[in-house]
Amino acid sequence: MMMMRKGRSEGVWSNHGAAAQSGVYRINVKLGDEGSMSSLSRELVFLILQFLDEEKFKDTVHRLEKESGFFFNMRYFEDCVANGEWDEVEKYLSGFTKVDDNRYSMKIFFEIRKQKYLEALDKHDNAKAVEILVKDLKVFATFNEDLFKEITMLLTLANFRENEQLCKYGETKHARAIMLGELKKLIEANPLFRDKLQFPSFKNSRLRTLINQSLNWQHQLCKNPRPNPDIKTLFVDHSCGQPNGARAPSPVTNPLLGSIPKVGGFPPLGAHGPFQPAPAAITASLAGWMANPSSVPHQSVPVGPIGLTAPGNAASMLKRPNNPTMDYQTADSEHALKRSRPFGIPEEVNNVPVQVLPVSYPGQSHPLVLPFSDDLPRTVIANLNQGSAVKSLDFHPIHQTLLLDDQPLSYFPPILVGTNMGDITIWEIASRERLVIRDFKIWDLGACTAILKASMSNEYTASVNRVVWSPDGALFGVAYSKHIVQICSYHGGDDLRNHLEIDAHVGNVNDIAFSHPSKQLCIITCGEDKTIKVWDAVTGNKLYTFEGHEAPVYSVCPHQKENIQIVRLIYTNVGGSILALASNAVHKLWKWQKNEQTELAKATTTVPPRLWQPPSGILMTNDISDANVDDAVPCFALSKNDSYVMSASGGKISLFNMMTFKTMTTFMPPPPAATFLAFHPKDNNIIAIGMEDSSIQIYNVRIDEVKSKLKGHQKRITGLAFSNILNILVSSGSDSQLCIWSMDGWEKQASKHLQIPTGRVHSPLAQTRVQFHQDQIHLLVVHETLIAIYEATKLECLKHWLPRESSGPITDATYSCDSQSIFASVEDGSVYILTANTLRIRCRISPAAYLPANPSTRVHPVVVAAHPSEPNQFAVGLTDGGIHVLEPPESEGKWGTAPPVENGAGPSVTSAGGAMEQESR
């Protein structure tokens, strides 16, 4: 037996019975293993397609094309588009690509759905248009919310052609033809359609020919072949019934299965050949609403973002793939790491080695989010002839500082340049014009030191070592190779003025930088004399000198940690991430890595999470342009599916997409400012907004309308909690009052003021927060003086707990996810774990157990968040911007031990001091 390989098929040739005597060999051809398609199997599909087409089984042909995904019939697709058969168009496309496969596919589906939407509007069928908008076009909203809004606004126009970008939209047939031309370009450029646009070339009725050959071969193997066999089935091998001694004729001269003349073949596909990699420019914009016809050859197509207007360079979208499905995932997603587990002992839980999760801000270290390599600039925008060797340059800080290929030149900032000849220049890139050029000159030589004067008398030249703009771009500094730095003020155009000249160092001034500690702008220099010096940027007075280096100092980079603290903290609902809102209005998201077995991310203290942000690098930052920052009460709320976060920091309320960090919309500019936010438990489009003016607004995000305005408090709202069981909303405010509102008509049902313990002093705007127990009947009330449990229907206080006065006020508290414990933080840094039913202390975590020992700083937790499914895990946000995740050691499995249950009924009071004394005995 011998083996033969031909192409990708494999056959076994064997000597077999009577066939061997006549020189005929059996070939066992493998068409592919189960679950896979070999090359021969693929060719068999094409043979079947040809047969079905010849037999005019048209619907079956196109169904097999779609289900196999081997051949995209462009002519059929063109006919469907021309006839407006949109359901069939998308159904047929779905066999080859999906909306979220790549940018080409996304653009193809967008153009089709856009055309369908416009046609519905053109027929004044607004109901159909709304259906298309909601079902088909909304998927693209996460990529361009403004575009989706603009598309939606077309519903309000009597004729959508009133929109400036649609004014040239013609009649339907013409619009479809133009769109079809663009779709063909996209399909031909889409890698998923590669090798699927050309039907293979082979003779007509090829499947019939192969069957004839097979039957003739079977007939030759008959022991008693008849001259004219009557073959009536293909289901079993042919065999002649009675011997007659005749041999079968050759398959060429005697076809046993008559061939039928071809009645219709596949269309010629020369115009729609396979994908060609050579790039070619597209004259028509692929991103605009109006697709312009073009006669330019198109082998590959740069795909622009979907939109009403064309981008400056449509190819930019190819650099960073956007996957629509990501925008609908929860915040529990990829790009996550883990953190270390703290250890501790119950009761006092001392020496718990809990690590801080640092929140990074400008000036602080943070994980580097690298862009895709294709995002880096590749195109030379301008060549500027400086005339001498450039030693240093710096972009103006108030403009964009990254040269992106698709940005107009006018967006580029002025460039400050210093050379080896000592001259400085400010360039405008757009015009390639020198706005300012100034040669080296000492402004006041008489005020300089004798050493500098002597150096200048020998050689009146100096090289620029460094140029740098101040943070606001109003000043810039120049460090020279001889002793001095010069500070100039720049007022735009050619308006450059001398500001300060400082004889800073002996020898080279190697570097210069600006810094503004405590809101004072300073200049920092370093030099050949091994020192670092700090100067007042207004007066030029020397503030500090740092000595001790044993060699010249060549570079300085000032670091300033802003006074930022965590003010809001929450786990995502699936428990794989933590979201924080800081006092500077910036949100931070940490993600834990997914478990390989369960594909779920789980928050744990065994490994650190990763500070995450999308590839775009944008931050979720609240709008504070209208905010009174000093009096702002930051607040946020997370949707149940973790897809969106609603947030405010004293300014407008912002709605963010959690996967892209994009701002979906902003609304309700102050005054009054929002101070608390809560999603309606039954409808994510309804939110309750507590306001600074003591009102509560029930707002429908979808229709941008305030449905009700509730009044009953005297000071700002600081807490809101819904109960599905009781069908009520409970509110709390800085007036230490609780109010109950019906969720049916939003009528006020009851109210009660907290009973502040005698002798306990609290601030006039102390926050009162509320949270429902898992049973949605009992209510946790947190005030800086006490923690209390209320029965919500009667607003009856069942129990309350007071911390030691020496510990300072309570900063926050929350139920564990099973509502069996309460995690409470106080100003001295202690964290108490209380039993939820008795408010007795299980254990206390001392500050030394998790906070670094630093007498110069008073760091304490200001917010506590409980894990949504791990009852013993919680996180605390600190005044220094840090976050700690805490849980008990695995050997213990829980925090401390439950204290004995009290006998008797009625309200009870538990104090921190008494509880600790009892436990210590």
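Reply: The protein has a mean pLDDT of 77, where pLDDT is the predictor's confidence in each residue, from 0 to 100. Of its residues, 75% reach 70 or more. This is a predicted model, with local features needing pLDDT of at least 70, side-chain atom pairs counting only at pLDDT 80 or more, and totals for chains, interfaces and linings using all residues. Residues are numbered from 1 along each chain as its sequence is written, and side-chain values use heavy atoms, with hydrogens and water left out.

Two stretches call for caution. Over residues 400-411, pLDDT stays under 50, and the model has 26 contacts there beyond four places in sequence. A contact means heavy atoms within 4.5 Å. Residues 913-921 also stay under 50, with eleven such contacts. Where pLDDT is low, the predicted coordinates should not be read in detail.

The protein has twelve helices and 44 strands. Both are DSSP runs numbered from the N terminus: helices are H or I with at least four residues, strands are E with at least two. Of the 921 residues, 48% count as buried. Buried means under 20% relative accessible area, exposed means over 50%, and partly exposed lies in between (1.4 Å probe, protein chains only). Among contacts with a separation of 6 or more, 55% join residues 24 or more positions apart.

The part I pick is an open sheet of four strands. Its order is S13-S14-S15-S16, with antiparallel pairing. Strand S13 (509-515) and strand S16 (542-546) each have a single partner strand, so one side of each is left without a neighbour in the sheet. From one strand to the next, the twist averages 20°. That angle compares axes, lines fitted to C-alpha atoms (for helices over the stretch in contact), and angles run from 0 to 180 degrees between N-to-C directions.

Take the pairs in turn. Two strands pair if DSSP finds at least two bridges between them. Strands of a sheet pair through backbone hydrogen bonds, either parallel or antiparallel. S13 and S14 run antiparallel and share six bridges. Across that pair, Asp 511 has Cys 526 of S14 as its bridge partner. S14 and S15 are joined by five bridges, again antiparallel. Here Cys 522 is partnered by Asp 536 of S15. Strand S15 (residues 532-536) then meets S16 through four antiparallel bridges. In that pair, Ile 532 stands opposite Phe 546 in S16.

The hairpin of S14 and S15 has four residues between the strands. Within this hairpin, Lys 530 takes a positive phi near 70°.

S14 (residues 522-527) deserves a longer look. Six of its six residues are buried, so this strand is largely enclosed by the rest of the structure. In a regular strand the side chains alternate between the two faces of the sheet. Both faces of S14 are covered. One side carries Cys 522, Ile 524 and Cys 526, and the other carries Ile 523, Thr 525 and Gly 527.

Next, the way into the sheet. Gly 507 lies in the loop between strand S12 (496-503) and S13. Its relative accessibility is 16%, so Gly 507 counts as buried. Leaving out residues up to four places away in sequence, Gly 507 touches Ser 481, Lys 482, His 483 and Glu 528. Gly 507 and Asp 529 are 22 residues apart in sequence and 6.7 Å apart in space, C-alpha to C-alpha.

Four bridges join strand S39 (residues 831-835) to S40 in the antiparallel sense. Val 831 stands opposite Ile 845 in S40.

Last, a helix pair. The axes of helix H2 (residues 39-54) and helix H10 (residues 206-220) come within 8 Å and cross at roughly 110°. H2 is therefore roughly perpendicular to H10. Angles of 65 to 115 degrees count as roughly perpendicular, under 35 as roughly parallel, over 145 as roughly antiparallel, and the rest as oblique. H2 brings Leu 47, Gln 50 and Phe 51 to the contact, and H10 brings Arg 206, Leu 207, Arg 208 and Leu 210.
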